[in-house]
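Welcome! Take a moment to look at the sequence and the model below, and then we will walk through them together.

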Amino acid sequence: MKIPLTDLGAQDAEIGHLIREAAARVFASQQYILGGEVTTFEQAMAQRVGSAAAVGLSSCSDALFLALQAAGVGAGDEVITTSLSFVATAEAILRVGATPVFADVEPASLCIDPLAVRQLVNSKTRAILPVHLFGHPADMPALRAIAAEYHLFLLEDAAQALGASIRLREHRLERNADEQRERGVPPGEDQEIPIGAWGDAAAFSFFPGKVLGGAGDGGMLVADLALINKVKQLRVHGRDLAMGTFEQLGGNFRLDALQAAILAAKLPFLDSWVERRRSAALRYHELLAPLEGVLLPQEAIGMSSAWNYYVLQTPRAQELSQKMREDSIQTSVYYSTPLHRQPLFARLTLPQPLVHTEVAAQGLLALPLFPEITEEAQEYVASSLKRAFRK
Ligand SMILES: Cc1ncc(COP(=O)(O)O)c(C=O)c1O
């Protein structure tokens, strides 16, 4: 049996006819740049994540960069972020001329630790950029409290987390009262809030392998109307949309109409895809539970992951990945060189030891996970992994 990390063909077999209809509509209209398809998808996304407005962009990498630029973050500013991520997260900070400051992660969720963030805030800090890693939410209630206290711009890197959410009350009950006080979390509402509606802005990716993937690159920024209007200007070379003049340095950062049409056709399936991913994740838990020395990914209480990836923590990740390849199973080892050890960021001084980041980087192994994965395929993956583990 041959099992890919993600299987876009299986998705195409289920809903490919809707994708082709959407694409045919764009070809018939010949409206390839912006226009109704992009606007419709922007509105649908804003509604889905409970945000005031949205702007369709060339990629999530560009969405992060433009959000920081539009918020006025630049030279001399510090942005606190995580080193355990794809390069695009901290790269966006360098692109606006600001300095990334890496905070450590929480050992279970692998998302930025609010206590570590709090220690790093100083007079130069302008923003916090958490990542919802592998689809699991970062501790947004605590991060939002810190951002409010110090008037910081809170930008969510939600590239991997469309469809994730946090149930506020449950999450709060899970943490003990002292810890809550230490984190500065205010008493609040009892509701489920989607990822994307927690920060001042959130950036999503439609890279084909993401939970909602396009037929190419694409991204989206959601935020309040004022910030979105600024980014709409920057995405068309900084053109003032009313005057037609060019006053700011922008670029070409547009989402293609073709991608927007395809993504809008797929969006109604998002919730069911996340649910199917969760069921598959739970099946892996059952199949793998007794593996000693391996930490299985878990949803923290009150948190709903988008389950973009099912990632095990094990120092043997590389070796297991190699052995599973011999059984025709595709896996992926993530972030073995975290960003603070990449040459691009080597000149930065680390203000705190990244203890949990370093431990995690020793072995993050993603197993095949997609909505259409069969029980039989998962059993095959689990037995291959167990066999590899015993060798
Ligand atoms: C955490 C994270 N941030 C940002 C990005 C960049 O997204 P894009 O490929 O749409 O630019 C990715 C893509 O893999 C990602 O995983």
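Which helices each supply at least two residues of the shell around the ligand? They are α3 (60-70) and α4 (88-95). Keep in mind as you explore that this is a predicted model.

**Around the ligand**

There are 15 residues around the ligand, and S59, C60, S61, A159 and S205 come nearest. Sorted by class, this shell contains six nonpolar, seven polar and two charged residues.

**The whole chain**

Now step back and look at the overall fold. The protein chain has 14 helices and 13 strands. Its radius of gyration is 21 Å, close to the 21 Å that the globule rule gives for 391 residues, so the chain is as compact as a globular protein of that length. Along the principal axes, the C-alpha atoms fill a box of roughly 70 × 55 × 45 Å. Of the 391 residues, 48% are buried. Consider also the contacts between residues at least 6 apart in sequence: 75% of them join residues at least 24 apart.

| Helix | Residues | Buried residues pack against |
|---|---|---|
| α10 | 257-266 | α1 (8-29), α2 (36-49) and β1 (53-57) |
| α14 | 375-390 | α11 (270-288), α12 (317-325) and β13 (364-367) |

Why can we call α10 largely enclosed by the rest of the structure? Eight of its ten residues are buried, so the rest of the structure largely encloses this helix. The buried residues of α10 are A257, L258, Q259, A260, A261, I262, L263 and K266.

Helix α14 has 16 residues and reaches 23 Å from its first C-alpha to its last, close to the 22 Å expected at 1.5 Å a residue. Which residues of α14 are buried? They are Q378, V381, S384 and L385. Seen down the axis of α14, these buried residues fall within an arc of 125°, so they line one face of the helix.

Key: Residues are numbered from 1 along each chain as its sequence is written. This is a predicted model: local features need pLDDT of at least 70, side-chain atom pairs count only at pLDDT 80 or more; totals for chains, interfaces and linings use all residues. Helices (H or I, at least four residues) and strands (E, at least two) are DSSP runs, numbered from the N terminus. The expected span of a helix is 1.5 Å times one less than its number of residues. A residue is buried if 20 or more other C-beta atoms lie within 10 Å of its own, exposed if 12 or fewer, and partly exposed in between; C-beta atoms are placed from the backbone. The arc is that of the directions from the helix axis to the C-beta atoms. Two residues are in contact if their C-beta atoms, placed from the backbone, lie within 7 Å. A residue is near a molecule or strand if its C-beta atom, placed from the backbone, lies within 6 Å of it. Ala, Val, Leu, Ile, Met, Phe, Trp, Tyr, Cys and Pro count as nonpolar, Asp, Glu, Lys and Arg as charged, and the others, Gly among them, as polar. The radius of gyration is taken over C-alpha atoms; the globule rule is 2.2 Å times the number of residues to the power 0.38.
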